[in-house]
Amino acid sequence: MPGPAKPSSHTVAYGANDIDSLKTLELSCERDEAHLFANIKKVQLASADGVNATAVTYEDVDDFDMGHLTFVQFTTDVDKQSQMAIHKTQGETFQCEGQAFVNNIAVNVLVFREKAAQ
Amino acid sequence: MKKISLCLVLCVVVFTTGCPKYKPRPVDFNNPNSFVSKINTYFADQQKNYRAAVNSNDLPRAKMIRNDILESVLPYIDEVYMDFITDIQRGRDKDNFVADLVELGASAAVGITNGERPLQILGIALTAFRGGRRSADLNFYKEQTTPILISKMDGNRARVRAIILTREREEVTTYPIGAAISDIVDYYNAGTLVRAFTALQEDTAVQTREAKDDLLVLQGVPLTRPSNEATTASAVEPLPVLRTLKASLDSKVPDEVAAATAKLKKIYQALEADPDTARLLKIAGVSSAEPDGQKLLQGIRDISRQLATDDPVRSKIDQAIVANGR
C-alpha cells in the first residue's frame, strides 16, 4: 500500500550581494513562506548559475501557520547551545540550522519560529 | 529621587570610563623609563664610540657599531614578544574556557528547569552574560581570534625586520644611528595588539570569508529579490484570513462551511475581474463556480505556489483575499 505523498518542496535563491543583513533574509523568508504556503526546512550556501547565493528550501504544508521567524547568527558550538537555550526560554521553536550569505560573507545561522500569539 | 539616581549613574559612568584623550601626552626627553631612553642608556658606551668614529670620519667602523647595536637589541625585543603572545594565548584560553563552562552550564539548566519564571530568569541571565562576553571580545580583541592577532603581529614584525636587514647594508650617512633606533622602536611596536588591529582593518582579504567548498549548485534558478518590512507585512496579511476560512471548512458545521465557501467565491470573483489574475485561474482550472470550499481553498494554494515569490501579481491576490475573505 503506497504511503502518504511526500510534500512538495520549493528552493528559493537569494543573491549574496542582495542580502545586506540577517533581518533582510528573515523578512524575505517570512514573505516567501506566506506566498508558498510552506515552512522553511533548509538554509544553505549555493551557487546559482555561477553567482553566490543563499538557497532556502521550503516544504508545502496544509495549514496557514507561517511567518514569525527569528534568524540568529552563531559562531561556535557553545554559542549555538546558548542561542538554542535562550530562544527556548522565549517559547520559540527551533526550525533548522544552516549557512547563509550576509553581505557576501558566509555565516552560520539558526532559525526559530516565535510562539504563536494567544 | 529618580532624577538623583539617574545623575548618580551618569556621574559614575563618566568618572569610571574617563574623558577621551584628543592628543598624546607631551614628550618628556628626560624620562628615564621611556623605551628610547633605556636603549640609549644601555648602549651609552657604544653610542659614544659611534660618535667618535663618525667625527673621525671612520665611517666603516661607525657602520659596524650601528649594526652591532641593532643586532644586540633585537633579540631582547624578540624575547619580550614571545612572553607577550604566550601570556595573551594562555590568558584568553583560560577566560574562554571558564566562559564556555558558564554558558554550557546555563544552557543545560534551561533544559532541566521547569516553570516559566525560572526559565525567564535563566534566559535573561544567559543573554546578559553572552552580551558581556561579546562586548569584551569586541572591545578588547575586536572580535579577532588569538591566532589571527598573533599571525598579524608576526607579519608586522617580519616586515620591519626585513627593512632593518636591508638598511643595515647602508652607510651611516643615509642610515644614521637615530634612524636605526627609530626602527628598533618600530620593531617593538609592530608586536603590539594596537598595530595588529590597525593592520587587520586595512587587510580586506581578512574581512571577506571565502564560501565553503560544498556549495549547492543551482542551475536555472533565478535569484529572488529580497523583501522589506512593508512587503512582508502585506504578504502575511492574508494568512489569518485563510486560517479562519480553513477552520470553518474543517469544522463541518454546515452554516460555517457555507459562509466560508461564500467568502472564497467572492475572492475568486475579485480575481476573475482582474485580467492578470483571471489568466492564472484559467491556467489552474479553478473558478468561482466551484461549489466545494476545500477545492477553492486548495486552488488559492496552487495558484500561489506556481508564481515566483517576488512576482508583482501576488499583491493583487493578497489584496483580494484580505478584502473579500474576512
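Here are some worked exercises on a predicted model, each a task followed by a step-by-step solution.

**Exercise 1. Chain B as a whole**

Task: Find how many helices and strands chain B has, and what share of its residues is buried.

Solution: 
- Start with the secondary structure: chain B contains 15 helices and 1 strand.
- Next, turn to burial: of the 326 residues in chain B, 31% are buried.

**Exercise 2. The strands around strand 3 of chain A**

Task: Work out which strands are joined to strand 3 of chain A, and in which direction they run.

Solution: 
- Take strand 1 (residues 9–15) of chain A to begin with: 7 bridges join it to strand 3 of chain A, and the two run antiparallel.
- For a residue-level view of strand 3, note that A:Ala55 has A:Ala13 standing opposite.
- Move on to strand 2 (residues 38–48) of chain A, which is joined to strand 3 by 10 bridges, again antiparallel.
- Here A:Lys42 has A:Thr57, in strand 3, as its bridge partner.
- Now follow the chain from strand 2 to strand 3: they form a hairpin with 2 residues between them, and A:Asp49 in the turn has a positive phi of about 50 degrees.

**Exercise 3. Two aromatic pairs**

Task: Classify the ring pairs A:Phe94 with A:Phe112 and B:Tyr42 with B:Tyr76, and say where each residue lies.

Solution: 
- For context, the structure holds 4 aromatic pairs over all chains.
- In the pair A:Phe94 and A:Phe112, the ring centres are 5.9 Å apart and the planes stand at 65 degrees; edge-to-face requires over 60, so this pair is edge-to-face.
- The pair links distant parts of the chain, with A:Phe94 in strand 5 (residues 93–102) of chain A and A:Phe112 in strand 6 (residues 105–113), 18 residues apart.
- Check the accessibility too: A:Phe94 is partly exposed at 36% relative accessible area, whereas A:Phe112 is buried at 2%.
- For B:Tyr42 and B:Tyr76, the centres lie 6.0 Å apart and the planes are at 75 degrees, so this pair is edge-to-face.
- It connects distant parts of the chain: B:Tyr42 belongs to helix 2 (residues 35–42) of chain B and B:Tyr76 to helix 4, 34 residues apart.
- B:Tyr42 is exposed, with a relative accessible area of 55%, while B:Tyr76 is partly exposed at 48%.
- To finish, bring in B:Phe43: ring pairs link B:Tyr42, B:Phe43 and B:Tyr76 into a cluster.

**Exercise 4. Arginines over rings, and a glycine**

Task: Identify which rings have B:Arg92 and B:Arg157 over their faces, then locate B:Gly105.

Solution: 
- B:Arg92 sits over the face of B:Tyr141, 3.9 Å from the ring centre.
- B:Arg157 lies over the face of B:Tyr81, at 3.9 Å from the ring centre.
- Now for the glycine: B:Gly105 is part of helix 4 (residues 59–112) of chain B.
- With a relative accessible area of 38%, B:Gly105 is partly exposed.
- Its C-alpha atom is separated by 9.9 Å from that of B:Leu126, 21 residues apart along the chain.

How values were computed
Residues are numbered from 1 along each chain as its sequence is written. Chains are lettered from A and ligands numbered from 1 in the order in which they are written. This is a predicted model: local features need pLDDT of at least 70, side-chain atom pairs count only at pLDDT 80 or more; totals for chains, interfaces and linings use all residues. Side-chain values use heavy atoms; hydrogens and water are left out. Helices (H or I, at least four residues) and strands (E, at least two) are DSSP runs, numbered from the N terminus. Buried means under 20% relative accessible area, exposed over 50%, partly exposed in between (1.4 Å probe, protein chains only). Rings of Phe, Tyr and Trp (its six-membered ring) pair if their centres lie within 6.5 Å; planes under 30 degrees apart count as stacked, over 60 as edge-to-face and the rest as tilted. A charge sits over a ring if NZ of Lys or CZ of Arg is within 6 Å of the ring centre and within 35 degrees of the ring normal. Two strands pair if DSSP finds at least two bridges between them.
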